[in-house]
Amino acid sequence: MTFCSGLALVQLYALQAERRQEAARAELVSQLSVIRARLEYNLTAPLLITRGLVAQIVFHDGMSDADFARAASLVMQDYDSVRNLTMSRGTVITSVFPLAPNRAVLGADYRDRPDQWPTVERAITSRKPVVAGPVNLIQGGTALIGRVPVYLPDPGGGEPKLFGLISVVIDIPRVFAASGVDAASLPLDLALRGRDGLGKAGAMIWGDEAIFSRAPVEMEVTLPDGTWAMAATPRGGWPKDGWSGDDGELRVTRGMGVLLFALTALVSFGWSVYARRQRRAQRFMAESEERYRALMETAPVAVIVHRDGRILFANTQASRMLRVAEGQVLDGRDVFDFVHSDSRGAFAQRVDAVLAEPESVSSGSTRYLTAEGDVIETEVVSTRVSLDEQPAVLSVVRDVTDRLRAEAERESLLESLQRSNEDLQQFAYIASHDLQEPLRNVAGYVQLLGRRYRGRLDKDADEFIAFAVQGTKRMQEMIANLLDYSRLRHDGGESEPVDSRIPLDEALADLGAAMDESGAVVEVIGTMPMVAARRVELARIFLNLVSNAIKYRRSDVVARIRISARRDGLNWVFSVADNGIGMEPGSLDHIFTLFQRLHSRETYDGTGIGLAICRKLVQHNGGRIWVESEPGKGSTFHFSLLAAD
């Protein structure tokens with residue numbers, strides 16, 4: 001009997017040590033869950049302020065720097081953790097608020113920042129918000145940066161085009177302070193890693209890296225695009241176990257081994273220990289339930305637990321969402337009273353499915369009715385839980401009414417914009433087409449006057465008639481080019497992998513006579529790549545750029561034109577360089593505008609529409625076009641297209 005009692009004591013001791021470890025971990029999990037919830041909220045909440053800015057940019061097809069400053073000053077008022085807001089056009093930062101302490105970032109190109117470009121590229125590619133950092137800022141210091149890509153709808157109904165990015169610079173100390181990460185009163189040691197949302201694979205962000213090797217409690221902090229790894233241990237380390245422990249209660253238990261020979265004392269003392277452990281377990285369960293309830297009450301979403309249609313628990317957020325009057329509670333009410341009749345069937349099916357499978361999770365949209373009779377749209381995730389040893393359904397409900405309304409408004413605006421663009425294109429086509437016939441009549445009669453009365457009137461009359469003939473010819477050419485430009489719609493088929501050398505050779509073949517006449521030399525450098533484009537449109541881009549290089553050549557040297565391509569991330573960048581007359585730097589922003597000319601018609605012929613067509617065709621194929629030039633030394637036109645691989 002003494003042996004059995006001793007064995008029981010050993011088992012009780014081992015169980016006690018194990019329970020202490022489990023209790024310590026459970027308490028740590030509860031504390032860490034609260035910190036994680038606050039941290040996720042403080043990291044993602046600042047990104048919400050970009051929604052209004054993005055909506056304005058999409059609605060107005062862009063935003064001026066002044067409008068951005070006004071909007072940013074309003075949305076930043078309620079977010080102390082936001083240091084500044086920036087807006088880029090493409091990948092170049094053009095606006096920042098506040099301006100004074102952050103002026104250094106203006107003009108910075110993310111492509112030139114190897115420490116920031118990967119996350120910027122990830123946001124552009126995924127078209128989703130990305131939280132990066134900690135990042136070394138251009139203006140000094142470190143911070144987290146939330147980047148939200150802005151895509152504008154394509155006027156022709158094609159793929160949306162990148163306008164730029166809205167970046168929210170978040171102050172790390174303020175976020176950590178608001179989340180309680182750096183609180184001196186924390187009863188735990190905390191560490192964070194996962195720079196740029198890389199989780200355990202990322203660098204350290206906060207705390208001692210050694211914590212990850214001390215059997216910590218670990219959780220993931222969910223970011224819009226990635227995670228952080230969070231680990232914690234009790235301050236001072238985990239409770240010791242084994243016979244070498246220094247805990248006072250464990251020393252008492254070890255001392256009981258001396259009294260094993262006294263069976264009566266052992267039984268009495270064992271019973272008292274058992275009773276005390278039961279009371280302690282009850283207190284622990286009560287405290288755990290209280291911590292769980294506190295966590296549910298502070299959750300930013302509605303949480304409802306129900307069984308057989310009756311609500312057993314609903315947190316404060318649920319009462320707010322359903323607009324229950326102050327002082328009233330949801331507990332005990334029928335959950336179906338708040339479900340719209342259109343959603344009750346699907347809601348009941350999801351409840352039955354969850355109760356039938358203990359490990360299953362069901363999600364879907366549900367229309368709820370508030371206590372005021374209003375209909376709200378929600379997303380519900382439900383799972384089965386055990387409450388009072390009976391199965392129940394726990395549902396997490398998120399109100400998405402505003403989001404769905406905003407999406408519907410955005411779709412309506414996009415449809416309206418598309419119709420407007422189609423009307424404008426149709427107007428340009430009809431106007432230029434209908435002007436052809438009357439202008440043809442005017443030109444015919446003016447030319448007839450020139451042939452019939454040349455030499456029969458005075459010298460001024462002959463000169464006036466010649467001016468009229470030249471003017472009608474130029475007008476005919478401009479209208480023909482305008483008609484051609486209006487036909488450039490997005491109906492050329494889908495982009496496909498194209499060997500860019502084929503359309504280049506086609507363009508050079510069409511320019512053979514011009515090259516022979518001018519003596520121009522065209523050199524193709526390296527191998528032309530495979531790109532995703534429309535072959536006919538790519539041939540026309542090459543044709544216009546090479547034709548311009550031949551036209552604007554210098555008279556004192558042989559015209560030399562070099563065509564090359566280089567890889568840039570997901571794109572190929574083509575370059576058409578010449579040694580021609582070049583352009584002034586102040587003219588580079590205007591040459592792609594319709595009918596924009598830099599020279600008189602007496603010097604160089606043409607209508608100034610070729611480069612406008614090039615820009616429209618490049619944009620149609622998902623790229624961009626720009627130019628570098630120096631007067632007297634030549635120009636280099638660059639345009640980018642998506643790589644076929």
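Colleague: To start, which residue lies over the face of Phe212, and at what distance from the ring centre?

Modeller: This is a predicted model. The residue over the face of Phe212 is Arg193, 5.1 Å from the ring centre. A second case involves Arg127, which lies over the face of Tyr151 at 4.4 Å from the ring centre.

Next, the ring pairs. A pair of aromatic rings is described by the distance of the centres and the angle of the planes. The structure holds five aromatic pairs. One of them joins Phe542 and Phe639: the ring centres are 5.7 Å apart and the planes stand at 70°, so this pair is edge-to-face, given that angles over 60 degrees count as such. Phe542 has 0% relative accessibility and counts as buried. Phe639 is buried too, with a relative accessible area of 0%.

Phe639 also pairs with Phe574, and this pair is stacked, with 5.1 Å from centre to centre and 15° between the planes. Phe574 lies in strand 19 (residues 571-578) and Phe639 in strand 21, so this pair ties together parts that are 65 residues apart in sequence. Phe574 is buried as well, at a relative accessible area of 0%.

Definitions and conventions. Residues numbered from 1 in each chain as written. Predicted model: local features only at pLDDT ≥ 70, side-chain atom pairs only at ≥ 80, totals over all residues. Heavy atoms only, no water. Phe/Tyr/Trp six-rings, centres within 6.5 Å; stacked < 30°, edge-to-face > 60°. Buried < 20%, exposed > 50% of the residue type's maximum accessible area, 1.4 Å probe, protein only. Helix = DSSP H or I, 4+ residues; strand = E, 2+ residues; numbered from the N terminus. Lys NZ or Arg CZ within 6 Å of the ring centre and 35° of its normal.
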